[in-house]
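Welcome! Take a moment to look over the protein shown here, and then walk through its main features with this briefing.

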Amino acid sequence: MSDRLRRFARTWTVFVPALALLLLLATWGRSLPGVLVAVVAVFLACAVLAAVHHAEVIAHKVGEPFGSLVLAVAVTAIEVALIVTLMAGGPVKNATLARDTVFAAVMITCNGIVGVSLLVTSLRHRVAIYNSEGTGAALATVATLATLSLVLPRFTTSTPGPRFNSTQLTFAALASVALYGLFVLTQTVRHRDYFLPMTRGGVVIESEEHADPPTRRDAFTSLGLLAVALVAVVGLAKVESPTIEKGVAAAGLPASVVGVVIALLVLLPETIAAVRAARRDRVQTSLNLALGSAMASIGLTVPAVAVASLWLSGPLVLGLDPTHMVLLALTMIVGTLTVVPGRATPLQGGVHLSILAAYLVLAANP
């Protein structure tokens, strides 16, 4: 029976991405009835699970922290394409979409994924153990990127509103690319050991020994299927976006909630992968996924929308509202206090999740 289940798992994760992509091609740009909306939602969820499976195969082949980096960059790159596509479809209406989605991604990753991962690990093993040097470097990079791209526009005076002028936007874009590239170099080459999982005794785990790594052919197959699954995830989320927008409007919620929903959908693969790693007592992998996704979301989105603003006719609003700046500051302060000891209890996980809950409540009821 176990062999049958393994064969079934391998089979459905191969066919679901392809079927989801075909469904995306069949439904793209069309107004869908309720039944098809439900079908799209089902395939969206299945594509997310398939993406997580293939990301784990790749991670097993290349090891940490490369596996986390592959998933974070792949998801964020397609998220950027989705944001630019939606902004091009309504430049004025979606002037704040990039800001709302990026900030939602930061709050979900730095509080939601981090909080759940710490909670899962510490409840199963009493204390979550991770490398404070690598995690602290990642958090510092996220804080710098978020401040340069999302906070400073609120205080500049050369352009009306919370917006950058062309020179400032160019600087923010170049700084984002440079910082993200420097972090990737640090994570994967110069100080790779800072981002590897640790044992309870503080010994770095260079490689997992619970199973043989996949073959090169299997890894490349999973890489291709991961790309297909992620395209399907983000594309089907775009197909669902009119229904999401109508539902948000019908519920009387602010338009910024659309960005929150998009971020929640796009970050599902990282969330599931992070929780699975946390259950195996590999919370460093979970933190790599969370902070790496936050970093990639800012480091790739800001340069992309900066380039897209050359042809988009509407304004590009990046500056956060005062309420969101307070939540961002609280997130970074609490994150620093969580990271510095290199150990966390269920309390730290609960604190991060409470900040996420506050953000969600204020997003729906500002």
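A cavity is a set of grid points where a 1.4 Å probe fits but cannot get out. With that in mind, a search of the whole structure finds 3 cavities of 30 Å³ or more. Keep in mind that this is a predicted model.

**The chain as a whole**

- The protein chain is built from 12 helices and 2 strands.
- Of the chain's 366 residues, 51% count as buried.

- The average pLDDT of the protein chain is 82, and 87% of the residues score at least 70.
- Among the elements, the lowest mean pLDDT, 69, belongs to helix α3 (residues 66-89).
- At the other end, helix α11 (residues 322-339) has the highest mean, 95.

**The largest cavity**

- Rolling a probe the size of a water molecule over the atoms shows where empty space is left.
- The volume of the largest cavity is about 100 Å³.
- Its lining is made of 13 residues, and those nearest the centre of the largest cavity are Val-114, Leu-291, Gly-335, Val-339 and His-352.
- Two or more lining residues of this cavity come from each of α4, α5 (132-151), α10 (283-308) and α11.
- Which element gives the largest share of the lining of the largest cavity? That is α11, with 4 residues.
- By class, the lining of the largest cavity holds 8 nonpolar and 5 polar residues, and no charged ones.

**The second largest pocket**

- The second largest pocket holds about 300 Å³ of space.
- This pocket is lined by 17 residues, and the closest to its centre are Ser-166, Leu-169, Thr-170, Ala-306 and Ser-309.
- The elements that give two or more residues to the lining of this pocket are α6 and α10.
- Helix α6 gives the most to the lining of the second largest pocket, with 6 residues.
- The lining of the second largest pocket divides into 11 nonpolar, 5 polar and 1 charged residues.

**Aromatic pairs**

- A pair of aromatic rings is described by the distance of the centres and the angle of the planes.
- How many aromatic pairs does the count come to? The count is 2 aromatic pairs.
- One of them joins Phe-103 and Tyr-359: the ring centres are 5.5 Å apart and the planes meet at 80 degrees, so the pair is edge-to-face, a label for angles over 60 degrees.
- This pair links distant parts of the chain, with Phe-103 in helix α4 (residues 97-125) and Tyr-359 in helix α12 (residues 346-364), 256 residues apart.
- Phe-103 counts as buried at 1% relative accessibility, and Tyr-359 counts as buried at 2%.
- Phe-183 and Phe-195 also pair: their ring centres lie 5.5 Å apart and their planes are at 85 degrees, so this pair is edge-to-face.
- Phe-183 sits in helix α6 (residues 166-190) and Phe-195 in the loop between α6 and α7 (216-250), so the pair ties together parts that are 12 residues apart in sequence.
- Both Phe-183 and Phe-195 are buried.

**A side chain in helix α6**

- Thr-188 is found in helix α6.
- Is Thr-188 buried or exposed? Thr-188 has a relative accessible area of 14%, so it falls under the 20% cut-off and is buried.
- A polar atom of the Thr-188 side chain lies 2.6 Å from the backbone oxygen of Val-184.

- Most residues other than glycine have a negative phi, and most peptide bonds are trans.
- Arg-126 has a positive phi, near 75 degrees, although the residue is not glycine.
- Arg-126 is placed in the loop between α4 and β1 (128-129).
- With a relative accessible area of 71%, Arg-126 is over the 50% cut-off and so is exposed.
- Asp-281, also a residue other than glycine, has a positive phi near 65 degrees.
- Asp-281 lies in the loop between α9 (268-279) and α10.
- At 13% relative accessibility, Asp-281 counts as buried.

Technical notes. Residues are numbered from 1 along each chain as its sequence is written. Side-chain values use heavy atoms; hydrogens and water are left out. pLDDT is the predictor's confidence in each residue, from 0 to 100. Rings of Phe, Tyr and Trp (its six-membered ring) pair if their centres lie within 6.5 Å; planes under 30 degrees apart count as stacked, over 60 as edge-to-face and the rest as tilted. Buried means under 20% relative accessible area, exposed over 50%, partly exposed in between (1.4 Å probe, protein chains only). A polar contact is a pair of N or O atoms within 3.5 Å; within protein, one must be able to donate a hydrogen and the other to accept it, and residues adjacent in sequence count only if both atoms are side-chain atoms. On a 1 Å grid over the protein atoms alone, a cavity is a set of points where a 1.4 Å probe fits but cannot get out, and a pocket is an open set with protein on both sides within 12 Å along at least five of seven lines; lining residues have an atom within 4 Å of a point. Grid points are joined across faces, edges and corners, and a volume is the space filled by probe spheres set on the points. Ala, Val, Leu, Ile, Met, Phe, Trp, Tyr, Cys and Pro count as nonpolar, Asp, Glu, Lys and Arg as charged, and the others, Gly among them, as polar.
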